[in-house]
Amino acid sequence: MFLNFLAELRAAKIPASLKEHLTLLEAMKADVIDYKVEQFYYLARSCYVKDEGLLDRFDQVFGKVFKGIETVIDTGTAEIPEEWLRKVAELHLTEEEMAEIKKLGSWDEIMATLKQRLEEQKGRHEGGSKWIGTGGTSPFGANGYNPEGVRTGQDAGRQGKAIKVWDKREFKNLDATVELGTRNIKLALRRLRRFARDGAADELDMDATVSGTAKKAYLEIVMRPERHNAVKVLLFLDVGGSMDPFIKLCEELFSAARTEFKHLEFFYFHNCPYEALWQDNRRRWTERTPTLDLLHKFPHDYKLVFVGDASMSPYEINYPGGSVEHWNEESGETWMRRMLDVYPAAVWLNPIPEASWSHGQSIQMMKSIMEDRMYPLTLGGLDLAMRELTRAR
């Protein structure tokens, strides 16, 4: 029983043994849990997972194997799940109805109106086109529709139209231990190489040892520092939101870069870099690194690599306060140009197919800021990006 589950765990590089599998079956036979998916999840996790670093991978496997399985043991009166009731309240419009809805106005008008609504509104509102609520056509709220607005109280994006998101969202760190699906990513990165030997002499220099021994007529052991790639890279990774579909691809790139470059520093951002970046998504609000500190800490010979889909509201790039998550005093474009001034060797890798770039206004804006040094996150695009970084001085 559940042998397919065991096989999937092993395929995901989770060291699940037959003994642990038998322990799970014995616990099930002893009725240590009720017949509920949630309780089975915690029981299976306690049996199989011994390293907290594998929890996220276990969740993915569990969701894949048991997707759609729900408990049907209860023979009493079934309660309607709260999530279903929320879905009923969501607004669904035809394309013709969407086209008739006009946006409120400019960025400044939207922000001023939101401030006014917050001062005036006294209670919950559902439907309608004015107040902060749910299921309507107001520019403010959740589960409705508006060409441009501020999303509040909604767990995930639906239309991709929000210019600001007034919710605290949690992002996951990329897994640097991901096993690459292909070696070609590493091979593409190897175009960006400049070898050097420095540091401790802990490697045997065979040629020098043989030569020295022959000249001196006695054994002379010669050591040398390890040969490594001396290229220095700053890797900035867009995480969360529209980047979620590209997590696996970005993890493969991240893992390859960690292996290939001895001098690699990485930081996360969301949509567009602003005044602060972070290295741990679990602490992205408490442990942030000022961008100006990075510009002063790392010298200009670092190669700068952005990874992101550049898909956002144009306000996030060219307006102060345009960030969807916080109030930024200076625009994203201002920070981008500061970084490019310090690091002239820079490229942007975009996981969205290049044929779709012309449909995104923000992609075109970011491509212009990068002076056309935006490349698709494909093997061909990686090759071109590494060539560009090699040429740049």
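The legends below accompany several close-up views of one predicted model.

This is a predicted model, in which local features need pLDDT of at least 70 and side-chain atom pairs count only at pLDDT 80 or more, while totals for chains, interfaces and linings use all residues. Residues are numbered from 1 along each chain as its sequence is written, and side-chain values use heavy atoms, with hydrogens and water left out.

**View 1. The whole chain.** The secondary structure comes to 15 helices and 13 strands, where helices (H or I, at least four residues) and strands (E, at least two) are DSSP runs numbered from the N terminus. Buried residues make up 44% of the 393 residues in the chain; buried means under 20% relative accessible area, exposed means over 50%, and partly exposed lies in between (1.4 Å probe, protein chains only). Of the contacts in the chain with a separation of 6 or more, 65% join residues 24 or more positions apart, and a contact means heavy atoms within 4.5 Å.

**View 2. An open sheet of parallel strands.** Here 5 strands form an open sheet in the order S8-S7-S11-S12-S13, and their pairing is parallel; two strands pair if DSSP finds at least two bridges between them. Strands S8 (263–269) and S13 (374–376) stand at the edges with a single partner strand each, so one side of each is left without a neighbour in the sheet. From one strand to the next, the twist averages 25°, with axes taken as lines fitted to C-alpha atoms (for helices over the stretch in contact) and angles running from 0 to 180 degrees between N-to-C directions. Helix H10 (residues 247–260) packs on this sheet, where H10 touches strand S7 (232–238), S8, S11 and S12, and its direction makes about 155° with that of S8.

**View 3. Strand S11 and its two partners.** Strands S7 and S11 run parallel and are joined by 5 bridges, with leucine 235 standing opposite valine 305 in S11. Another 4 bridges join S11 (residues 303–307) to the parallel strand S12 (residues 346–350); leucine 304 has alanine 346 as its bridge partner in S12, and valine 307 stands opposite leucine 349. In a regular strand the side chains alternate between the two faces of the sheet. In S11, Lys303, Val305 and Val307 point one way and Leu304 and Phe306 the other way, and all are buried.

View 4. A nonpolar core is a set of buried Ala, Val, Leu, Ile, Met, Phe, Trp, Tyr and Cys residues joined through side-chain atoms within 4.5 Å. The largest such core has 61 residues, and those with the most contacts inside it are Phe236, Phe306 and Met366. Leaving aside neighbours within four places in sequence, methionine 366 is in contact with Cys272, Ala310, Met312, Ile317, Met336, Trp348 and Met374. A second, separate core of 22 residues includes Ala16, Ala27, Cys47 and Phe58. Cysteine 272 counts as buried at 1% relative accessibility, and cysteine 250 also counts as buried, at 4%. The count of disulfides comes to 0, a disulfide being a pair of cysteine sulfur atoms within 2.5 Å.

**View 5. Valine 222 in a loop.** Valine 222 lies in the loop between helix H9 (206–216) and strand S6 (223–229), and its 22% relative accessibility makes it count as partly exposed. Not counting residues up to four places away in sequence, valine 222 touches Glu203, Leu204, Asp205, Ala208 and Thr209. The C-alpha atoms of valine 222 and glutamate 203 are separated by 8.7 Å, although these two residues are 19 residues apart along the chain.
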